[in-house]
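Let's take a walk through this structure together. Please have the model open beside the text, so that you can follow each stop on screen.

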Amino acid sequence: MAGLQAEHRVTIVGAGLGGALLSNYLACSGATIGVYERRPDPRQAGFIGGRSINLAISARGIDGLRRIGLEDEIMPLALPMAGRMIHAPDGDLSYQPYDKDPARCINSISRGGLNQALVEAAERNANVRFHFARRCERVDLDRPAVTFEDESGGRSEVVSDLVIGADGAFSAVRDALRVHGRFDYSQDYLPHGYKELRIPPGRDGGFQMEPRALHIWPRGGYMMIALPNPDFSFTCTLFLPLVGPNGFDQLTGDEAVLAFFERTFRDAIPLMPDLLEDFRDNPTGNLVTIRCNPWHVGNRVALLGDASHAVVPFYGQGMNAAFEDVVALSSVLQELWPGASALRVYSRSRKRNADAIADLALRNFVEMRDHTGSALFRWQKWGERMLHKFVPGYLPLYTMVSFTTIPYADAVARERRQNRWVAGVLGVAGVIVLVLLVLLLYRLLSAA
Ligand SMILES: Cc1cc2nc3c(=O)[nH]c(=O)nc-3n(C[C@H](O)[C@H](O)[C@H](O)COP(=O)(O)OP(=O)(O)OC[C@H]3O[C@@H](n4cnc5c(N)ncnc54)[C@H](O)[C@@H]3O)c2cc1C
């Protein structure tokens, strides 16, 4: 019989966002689901970050929650952001809505809170069990079996029918696929890194800036952004080159940091009383794009989320894409698996979309840091909103990516078609205006 059944055993490596959501999806099959996570249980140890404190969840992520009835439980934890608030170097603010419909928002949510809610929802199923502080050390792709190491160095092997690598950008399961052979792999670091800082609540206990917006300080070549939190604070992320002018390597002491902020993010300084302490204490993270192919071996092992496609965070889509992987994978597991082609169907259908969002995310970094502050960008976005409002079928790329579930690769192809069409219409309009001007000139000259 096709489909995951109660007699099957599934091992999910990684109880991050993708792994925890997948365990919820697979629970209804009745299969025995073991989720193994390197970190200790955050409910006992406190959430250990290392990645962003909060992230933006949009249509694709929400769709992943909705399909298994978790939207109503989880989305009240999120804060809607309806547009970008641009902070100019002189402190001037300008607001750019994300869509023609002001009700369409992306949403700021706590990574730790979301992760915990997903784990707790999955644990309501008797057939799902989480094992924390168990690090995947080795994967035998044939049986398939995973060796885990616990905190005291003890090792245990878990044999199952299916292993899913949801263990993030530096996946141990993916390493086993690399060694297995005939596996394409690339890892590209950006020359920029990131550091998280904080804008606490104001003296009155409320937000110090507009909470319904994603704040951007675009400075050309580098930038800072801020997302609101339910405790009335904002988490800021500073993206700078790792070395060179305006780079992290130049900001070696309190004086240098303060001078840099005074020169570049002056309006943020009074909002950040702990700036110097945060800058000193918080680590500088790397930004990497990872691509690989295929995402599976036979019908026994598959990858999802950052393990198969880590993208840079500038479109706010890494987790959203991971949630789409979960929906696609669980659908082939329920309908086609253990058929020989099941995991290939999943891998092929998702790979083209993962490549598309990886490219878009890189492109959006340039747009956010270099263009969002310019008048040309504001006009372009206004033009897109007008076309969206008055031309049936026209959808701006940002709308397709953030507010629909149109596959990423299809959204990119549609944007190209739309751009050709707009260029064609503008070209014809230009010719008409030119002809009219020539006629007008001719009449004026003949009358003279
Ligand atoms: C600064 C920043 C901002 C971001 N902002 C956004 C955003 O706004 N919107 C968005 O959609 N995405 C965002 N992302 C991307 C998002 O964080 C990831 O795409 C998402 O977390 C992927 O989920 P995952 O489950 O694949 O990986 P992860 O969430 O990284 O989970 C992997 C899990 O596997 C565990 N693990 C790792 N190795 C092992 C091992 N050997 N054994 C056992 N367990 C292991 C890890 O501890 C972790 O819990 C951002 C990323 C960064 C860095």
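The paragraphs below go from the domains to a sheet, the ligand shell and a few single residues. Keep in mind along the way that this is a predicted model.

Let's begin with the overall division. The protein is split into three parts: domain 1 (9–77 + 110–184 + 290–365), domain 2 (189–286) and domain 3 (407–448). Between the C-alpha centres of domain 1 and domain 2 there is a distance of 30 Å. Where these two domains meet, 6 residues from domain 1 and 6 residues from domain 2 make the contact. On the domain 1 side, the touching residues are 3 nonpolar and 3 polar, with no charged residues.

Next, please turn to an open sheet. Its 3 strands follow the order β3-β7-β4, with antiparallel pairing. Why is one side of β3 and of β4 left without a neighbour in the sheet? Both β3 (54–57) and β4 (79–81) stand at the edges, and each has a single partner strand, so one side of each has no neighbour there. On average, neighbouring strands of this sheet are turned by 35 degrees against each other, with direction ignored. Looking at one pairing in detail, β4 and strand β7 (residues 106–110) run antiparallel and are joined by 3 bridges. You can find Pro80 bridged to Asn107 of β7. Helix α5 (residues 111–123) packs on the sheet, where this helix touches β3 and β7. The direction of α5 makes about 80 degrees with that of β7.

Strand β3 also leads us to the ligand. There are 33 residues around the ligand, and those that come nearest are Gly14, Gly16, Gly18, Gly305 and Gly318. Two or more residues of the shell come from each of α1 (17–27), β3, β9 (135–140) and α9 (318–335). The largest share, 4 residues, belongs to α9. By class, the shell holds 14 nonpolar, 12 polar and 7 charged residues.

Now for another pair of strands. Strand β2 (residues 32–36) and β8 run parallel, joined by 4 bridges. In this pairing, Ile33 of the chain stands opposite Val128 in β8. Strand β8 (residues 128–131) has two faces to look at: Val128 and Phe130 form the covered one, while Arg129 and His131 form the uncovered one.

Is Thr11 buried or exposed? There are 26 other C-beta atoms within 10 Å, so Thr11 is buried, as 20 or more are needed for that label. Leaving out residues up to four places away in sequence, Thr11 touches Gly34, Tyr36, Val146, Val158, Ser160 and Val163. Thr11 and Thr32 are 21 residues apart in sequence, and their C-alpha atoms are 8.5 Å apart in space.

The other residue is Gly91, found in the loop between β5 (83–87) and β6 (93–97). Gly91 counts as exposed because it has 10 C-beta neighbours inside 10 Å, and the label applies at 12 or fewer. Residues up to four places away in sequence aside, Gly91 touches Arg266 and Asp267.

Key:
Residues numbered from 1 in each chain as written. Predicted model: local features only at pLDDT ≥ 70, side-chain atom pairs only at ≥ 80, totals over all residues. Pairing = 2+ DSSP bridges. Axes fitted to C-alpha atoms, helices over the stretch in contact; angles between N-to-C directions. Contact = placed C-beta atoms within 7 Å. Near = placed C-beta within 6 Å. Nonpolar A, V, L, I, M, F, W, Y, C, P; charged D, E, K, R; others polar. Domains from an automatic or database assignment.
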